[in-house]
Amino acid sequence: MFAEEEDFRPDPERAHEQLAERLAKFSGPVAEALATVNGPADVVYSRISQVTVEEPWDVGRVALAGDAAHACTPHIAQGAAMAVEDAVVLAESLDAEPSVPAALAAWAARRRPRAMWVQAMSHAVLKQETGGGTTPEEDELLKIGILGAAHVPAKPY
Ligand SMILES: Cc1cc2nc3c(=O)[nH]c(=O)nc-3n(C[C@H](O)[C@H](O)[C@H](O)COP(=O)(O)OP(=O)(O)OC[C@H]3O[C@@H](n4cnc5c(N)ncnc54)[C@H](O)[C@@H]3O)c2cc1C
């Protein structure tokens, strides 16, 4: 991944050349894929975003879940995993609580710390990969490592 300037947007006339410049040192499958990019229309440029909706995620019988509540940067590939975890925990909460509002409140209380932890880990990896300068707290997270992160989600989630 490459850290671009905040105001960077690909040149509509030469986005394919800009991509080639950035991937010039790669060989193998990356070079093979790059060889199939023949013009600017072949390039889809998308900025990375992290979404963190403030509390509450639940109001009465309505809740925000998945990317709508806590979209992650892609660096530890956990966005879909978080959405699935949300669904599993929601089912458990609906089963355990006496009403839908109570279930959503219990669900949000259980899910928020977990989703925030995964976001923080993903953001720390982003900064590490792009030379963004990590904080001491992020360095502690990075000591766990991505394999460690993959282990942590097992339970509780
Ligand atoms: C290129 C890429 C690679 C990724 N790789 C990984 C990976 O390796 N591992 C991983 O865990 N995650 C990965 N993710 C992240 C993952 O795709 C998302 O975190 C996940 O899809 C979020 O699920 P969601 O159900 O919250 O939202 P979405 O999957 O975005 O689902 C929302 C749905 O709501 C629909 N919708 C929107 N507005 C309305 C409306 N008004 N009415 C009705 N329907 C509506 C949309 O069409 C969509 O189908 C990747 C994402 C991208 C873009």
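How far from an oxygen atom of the ligand does a backbone N or O atom of Ala-80 lie? The distance is 2.9 Å. The views below come from a predicted model.

View 1. The ligand taken alone exposes 1000 Å², and the protein buries 24% of that.

**View 2. The shell of residues around the ligand.** Gly-66, Asp-67, Ala-77, Gln-78, Gly-79, Ala-80, Ala-81 and Ala-83 surround the ligand. Sorted by class, four of these residues are nonpolar, three are polar and one is charged. Helix H4, residues 79-96, gives the most to this shell, with four residues.

**View 3. Helix H4 from end to end.** H4 has 18 residues, so at 1.5 Å a residue it should span 26 Å.

**View 4. The buried and exposed sides of H4.** Met-82, Glu-85, Asp-86, Val-89 and Ser-93 are the buried residues of H4. Seen down the helix axis, the buried residues fall within an arc of 110 degrees, so they line one face of H4. On the face turned away from this buried side, H4 carries the exposed residues Ala-80, Val-84 and Asp-95. Ala-80 in this view is also one of the residues surrounding the ligand.

Methods. Residues numbered from 1 in each chain as written. Predicted model: local features only at pLDDT ≥ 70, side-chain atom pairs only at ≥ 80, totals over all residues. Heavy atoms only, no water. Near = heavy atom within 4 Å. Polar contact = N/O pair within 3.5 Å; in protein donor to acceptor, adjacent residues only side chain to side chain. Areas by Shrake-Rupley, 256 points an atom, 1.4 Å probe, with all protein chains shown as cover. Helix = DSSP H or I, 4+ residues; strand = E, 2+ residues; numbered from the N terminus. Nonpolar A, V, L, I, M, F, W, Y, C, P; charged D, E, K, R; others polar. Expected span 1.5 Å × (residues − 1). Buried < 20%, exposed > 50% of the residue type's maximum accessible area, 1.4 Å probe, protein only. Arc of directions from axis to C-beta.
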